[in-house]
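Subject: Structure handover

Hello,

I am passing on the structure we spoke about. Please look it over first; my notes on what was found follow below.

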Amino acid sequence: MLRALNRMAEKGYPLNLGQSVRGDGGSLLRGNDLLCGAVDVCVADTLTGNVLMKVFSAFTSGGSYETSGWGYGPSVGEGWDKVVSIVSRASGAPVIANALAYTAAAVRGRLPAVVAEEIRLAKAAGMDDELAAFSKAAAAPQDEVQAPPAVPTDEEIHGIDVLDLELAVRCLWKENIYAEAAMGCTGPVVKLAGSSLDKARAVLTASGYL
C-alpha cells in the first residue's frame, strides 16, 4: 500500500506522509508513535484499527466500558452522500456526546463533498490501477519453488506489503537467496543473511516489491 501511495503522489496526488519519532524515522509507524501523536492520521487494517480504538477508549475501565474518545468516526466512501457515525454498545455517555459533536462538525464541514473530491484526485493519480494491481496479485497463483539451504538471518528488508511478503520471499528463492517472511516492529519484513542484502534489494526492486 505504501508503494502504491508513493506512486500516486508522484502522479500528483497531494499526499504528505507523517514520520515516526524514532531515530530512523520513516512513515511506517511503531506503537509509541501513536501514544505521542506523531501523526494526524494513522492508516491500519480493520482488525488493528479496532483494537487501537478499544485500547485508547476503554483502558481506564479495564476494557468493558468506553470512557474517552469520539466513537469510531463517520463512514465514508465513493457515492456515499450521508454522514453516519459509529459507536458501540460499550460506548459510555462521554463518548456518545463526543461522537455527536464530531458528527455535527463533519456535517458542517461537508464531509461527503470533501471525500468525493479526494476520490476524484486519487482516481486522477491512478488509484483504480493500483487497486486492480492489488486484486491481480492476490489472485495470482504462487509458483512452486524450493527454498535454498537455510542460513542464519541477521538482516531485514522493510517496506514490502504484507500481501506481497510470501511472493517476495519466493522471488528471492528463485535467485538462490535464502529468505524468510516475518513480522518486525514496523510490520512485515523479509529476513535474510547480511551477505545477500544488496543482491536481494536489487532483485526485489527489479521485481517491483521495493
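As background, an α-helix has 3.6 residues a turn, so residues three or four places apart point the same way.

A word on the source. This is a predicted model, in which local features need pLDDT of at least 70 and side-chain atom pairs count only at pLDDT 80 or more, while totals for chains, interfaces and linings use all residues. Residues are numbered from 1 along each chain as its sequence is written, and side-chain values use heavy atoms, with hydrogens and water left out.

Helices (H or I, at least four residues) and strands (E, at least two) are DSSP runs, numbered from the N terminus. H4 covers residues 93-108, and at 1.5 Å a residue its 16 residues should span 22 Å; the end C-alpha atoms are 23 Å apart, which agrees. The expected span is 1.5 Å times one less than the number of residues. Just after H4, arginine 110 takes a positive phi of about 55 degrees.

Alanine 90 sits in the loop between E2 and H4. This alanine 90 counts as partly exposed because its relative accessibility is 22%. Leaving out residues up to four places away in sequence, alanine 90 touches Ser64, Tyr65 and Glu66.

On the whole protein: the secondary structure comes to eight helices and five strands, and along the sequence these follow the pattern α-α-α-β-β-α-α-α-β-α-β-β-α. The C-alpha trace spans about 60 × 45 × 35 Å along its principal axes. Of the 210 residues, 28% count as buried. Among contacts between residues at least 6 apart in sequence, 59% join residues at least 24 apart. The accessible surface comes to about 13000 Å², and 58% of it belongs to carbon and sulfur atoms; the areas come from the Shrake-Rupley method with a 1.4 Å probe, and for residues only the protein chains shown count as cover.

Next, the core. A nonpolar core is a set of buried Ala, Val, Leu, Ile, Met, Phe, Trp, Tyr and Cys residues joined through side-chain atoms within 4.5 Å. The largest one has 19 residues, and those with the most contacts inside it are Ile157, Ile160, Leu172, Ala179, Val190, Leu192 and Leu204. Two or more residues each are given to this core by helix H7 (165-174), strand E5 (187-192) and helix H8 (197-206). H7 provides the largest share, seven residues. Not counting residues up to four places away in sequence, leucine 172 touches Ile177, Ala179, Val190, Ala200, Val203 and Leu204.

Last, the salt bridges. With a salt bridge taken as a side-chain nitrogen of Lys or Arg within 4 Å of a carboxyl oxygen of Asp or Glu, the count comes to nine. One of them joins the side chains of aspartate 164 and arginine 3 (2.9 Å, N to O). Aspartate 164 lies in the loop between strand E3 (155-158) and H7, and arginine 3 in helix H1 (residues 2-10), so the pair ties together parts that are 161 residues apart in sequence. Both aspartate 164 and arginine 3 are buried.

Lysine 123 and glutamate 78 also meet in a salt bridge through their side chains (3.6 Å, N to O). This pair links distant parts of the chain, with lysine 123 in helix H5 and glutamate 78 in the loop between strand E1 (74-75) and E2, 45 residues apart. Lysine 123 forms a salt bridge with aspartate 128 as well, the closest N and O atoms being 3.0 Å apart. Glutamate 78 is exposed, with a relative accessible area of 59%, while lysine 123 is partly exposed at 31% and aspartate 128 is partly exposed at 39%.

Regards

Terms used: Buried means under 20% relative accessible area, exposed over 50%, partly exposed in between (1.4 Å probe, protein chains only). Contact means heavy atoms within 4.5 Å.
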